[in-house]
Amino acid sequence: MEWYLPVIWAGLIGTAVAMYVLLDGFDLGIGILFPFAKKEEERDVMMNSVAPFWDGNETWLILGGGGLWVAFPKAYAVIMPAFYLPVIGMLLALVLRGVSFEFRWVAKPGHKWWDIAFAGGSTVAAFLQGAILGGLVQGVNVVDGQYAGGAFDWLTPFSVLTGLAVVAGYALLGATWLIMRTSGPTHQMGKAFAPVLLLLVLAGMAIVSLWTPYSVERIAERWFSLPNFYFLWPVPAVTALVAILILRWLKNGHDALPFIGTVVLFLLGYAGLVISTVPYLVPPHLTFWDTAAAPESQIFVLIGTVFLLPLVLGYTAFVYWIFRGKVAPGEGYH
Amino acid sequence: MEFDPVLLARIQFAFTVSFHIIFPAFTIGLSAYVTVLLMLWLKTGDEKFHRLARFWTKIFAVSFAMGVVSGIVLSYQFGTNWSRFSEFSGNVIGPLIGYEVLTAFYLEATFLGIMLFGWNRVPPWLLTLASALVAVGTAISAFWILSANSWMQTPTGHEIRDGIAYPVDWIEVIFSPSFPYRLAHMLTAAYLTTAAVVLAVGARYLLAGQHVEDAKTMVRMAVGMIFVTAPLQLVIGDLHGLNTLHHQPVKVAAMEGRWKSDDPGDFVLFGIPDQDAERNHAEIAIPYAGSLILTHTLDGKYPGLDSVPPDERPPVANLFFAFRLMVGIGLLLIATGIAGAVLWWRGRLFETNWFLKGASYLWPVGFIAILAGWFVTEQGRQPWLVYGLLKTADGLSPVPGASVFGTLVLFVLVYGIVFSTGIYFINRLITKGPLGAVAAAPAGLPSRPLSAAEEAAREATGKEPGQGPGKEIRDETREGRT
């Protein structure tokens, strides 16, 4: 039974990270788009559309980080020092943008600095998350189970690209969220930005898809060896199809479909990265099994998770249900 | 410029964790206090309790928000600053942190929404229940965190294989020998600290002749609480000390400034410990008192710092002074409780100016004592990270000192801005007082802690809630522009 426990945990943490990326993605995206809103009222609406959700969304980040320590302590012990600067930079950016949600309203009318903190914090956090992801995909230098690289190993042209791609991706989630959840100028703004962002995201995905197999032989082999290729070619094909559908839905004035399509696009990109890296948790050296906690530790927490995680999901769903519907201009909960 | 990575990593962690602990300590106590107020409201129907509960809930919201944002940082810092420790102990205390997230965070998050925003939407009993569950959630959180910390102080229930700790008996891991004492000491400290804040706020109002009826209730409840818990804390602290003497005798020796095991058991009242000379300067000691306190006999012996080599001793002066600061504040609070009780008994509690004046300055003392106590126990563990198993220097991440230094500067900057703003809002709320607290709920149904903090903070700045800032503020800015 020892071999599949790490797989279950990898699935759980993978789910937590996916939940985090999708959920915090759209509210970070709102922050990224914040400077492009023309009027004060538009920014109010943008912020109100995510205010009830954002810190519930961020709880998934704690679950992802905490879960990594619980289930894969050796991976946690390599990843955190390897990405020391971007992780701490991201946390500080999240602190700044988190409190901006509230301090901005209190500081009004002198709230300019909290606007900047909100937009800047969101953008920096998104970029650093993407850069960490890129750095991880590229590989981490590990010797004797310890991180053996420098402070800026993570900073490469590739990780800058993935950082920018994640900024564009979160902004796309934010733009389609605005289309779905608001009306008036912010709805229009979402519609204006979404196609451009979509193209940027697709460009990012395409470059990453070509760059990684080109630079990492293991990834090329995973995708292009037979029979893998027969099973895997639908991933990019479906991605292209979804992208075309999103563009069409945007043109036809659908409210919810572009957001849902973007979520699917994210999941496909995520699936692509998972296919490229499985079973490595810290490529190219450490797998799920290399880094797993003791089975008794994994079981001990798994038992609790089985009962408590559904509760968490139920609560999250409940909050989203309570706040369903469009946020009208001028009508906020603040 | 050369950086000492171990020292820098310790300073950074000490900075973020010290900032963090202030807020959970306060919210553990405050959520319990609000629950008691709501229960009294349910029982008596007295609107005064309702008003007070609302007032303190707003202050709770701001504090809780700051506890949340500073707490997220810590869950990553174990890995960023102490990766070798994370690897060493992950199997054993990782699950304790995991259970904290699963049992406490979500319980708090769920019922916080009702506690903060349910005033006009749910029946009073449900509001009270939600507050009680939040109070329980904060205590459960303390349970797991202190369990993990206690294992680092007095590890049990594990075995070491290939330099990694593995769990053998979960009950022994969770309930390590120092855990019951540490939990009792910390929870009591949280309640005592909160009582001191409530007393100070009440006294401040009475001196100013504001909110007199509410202030009297606050002062009465706080004096009662301090009268009971301050002496109780002395007893718990004593038991905790005896437990420490048993498991970590060197820590106690440093707290007492006791260098030689063969010395008589004097209690050093004052002195300036000199780590290199291995003695205290300007020492004032009470004969036999040390033995009496620690062994409860007159001639009992207990180990001195010379029982371990110099490089295994904690920083003696830090422990020595921090311990005295903590105990001094404890004694001050005991005296406050007794003085308050006597004045109350004589019916002069609200007229005695010297008492109110003194009490109005007491709000920070509990926090100072908590920080001092944590400095004692954490620095007293040095040079060990996991006592007897892993040295602090061996738990460090392979991260350059310059990275740690750079981020430390950023932490100080960002925390400085964010927390001074938050504390400014709390003070504004207190200045405004309980009367402003009864107001219509804002439109909509926000359910996250920071939104209530915002509502509270907006009240603090004098804007009417429910009015919606949108229009009013747009008008203001428009005027501003023209």
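# A walk through chains A and B

Chain A contains 14 helices and 4 strands; helices (H or I, at least four residues) and strands (E, at least two) are DSSP runs, numbered from the N terminus. The model is a predicted one, in which local features need pLDDT of at least 70, side-chain atom pairs count only at pLDDT 80 or more, and totals for chains, interfaces and linings use all residues. Residues are numbered from 1 along each chain as its sequence is written, while chains are lettered from A and ligands numbered from 1 in the order in which they are written.

Consider the overall form of chain A. Along the principal axes, its C-alpha atoms fill a box of roughly 55 × 40 × 40 Å. The radius of gyration is taken over C-alpha atoms, and the globule rule is 2.2 Å times the number of residues to the power 0.38. For 334 residues a compact globule would come near 20 Å, and chain A, at 20 Å, agrees with this. Of these 334 residues, 55% are buried. A residue is buried if 20 or more other C-beta atoms lie within 10 Å of its own, exposed if 12 or fewer, and partly exposed in between, with C-beta atoms placed from the backbone. Two residues are in contact if their C-beta atoms, placed from the backbone, lie within 7 Å. Among the contacts in chain A with a separation of 6 or more, 77% are between residues 24 or more positions apart.

Helix H3 of chain A covers residues 54–71, which is 18 residues. From its first C-alpha to its last H3(A) reaches 26 Å, close to the 26 Å expected at 1.5 Å a residue; the expected span is 1.5 Å times one less than the number of residues. Since 18 of the 18 residues of H3(A) are buried, the helix is largely enclosed by the rest of the structure.

Two packed helices are described by the angle between their axes and the distance between the axes. In chain A, the axes of helix H2 (residues 40–50) and helix H8 (residues 185–215) come within 9 Å and cross at roughly 80 degrees. Therefore H2(A) is roughly perpendicular to H8(A). H2(A) brings A:Glu42, A:Val45 and A:Met46 to the contact, and H8(A) brings A:Pro185, A:Thr186 and A:Met189. Sorted by class, the residues of this contact are 4 nonpolar, 1 polar and 1 charged. Here Ala, Val, Leu, Ile, Met, Phe, Trp, Tyr, Cys and Pro count as nonpolar, Asp, Glu, Lys and Arg as charged, and the others, Gly among them, as polar. The axes are lines fitted to C-alpha atoms, for helices over the stretch in contact, and angles run from 0 to 180 degrees between N-to-C directions. Angles under 35 degrees count as roughly parallel, over 145 as roughly antiparallel, 65 to 115 as roughly perpendicular and the rest as oblique.

A:Leu247 belongs to helix H11 (residues 234–252) of chain A. This leucine has 17 C-beta neighbours inside 10 Å, so A:Leu247 counts as partly exposed. Apart from neighbours within four places in sequence, A:Leu247 is in contact with A:Pro195 and A:Leu198. Between the C-alpha atoms of A:Leu247 and A:Leu197, which are 50 residues apart along the chain, the separation is 11 Å.

Elsewhere in chain A, the peptide bond from A:Leu226 to A:Pro227 is cis, with omega near 5 degrees. A:Pro227 sits in the loop between helix H9 (217–224) and helix H10 (228–232).

Now turn to chain B, which has 15 helices and 6 strands. Of its 482 residues, 54% count as buried. Helix H12 of chain B, residues 365–379, has 15 residues and spans 21 Å from first C-alpha to last, close to the expected 21 Å. Because 12 of the 15 residues of H12(B) are buried, the helix is largely enclosed by the rest of the structure. Its buried residues include B:Phe367, B:Trp374 and B:Phe375. Among the elements covering the buried residues of H12(B) are helix H1 (5–44) and helix H10 (316–345) of chain B.

B:Leu331 lies in helix H10 of chain B, and is exposed, with 12 other C-beta atoms within 10 Å. The C-alpha atoms of B:Leu331 and B:Pro231 are 8.4 Å apart, although 100 residues separate the two along the chain.

Some loops of chain B have backbone details to look at. A cis peptide bond with omega of about 5 degrees joins B:Gln382 and B:Pro383, and B:Pro383 is in the loop between H12 and strand E5 (384–386). B:His296, in the loop between H9 and H10, has a positive phi near 60 degrees and is not a glycine.
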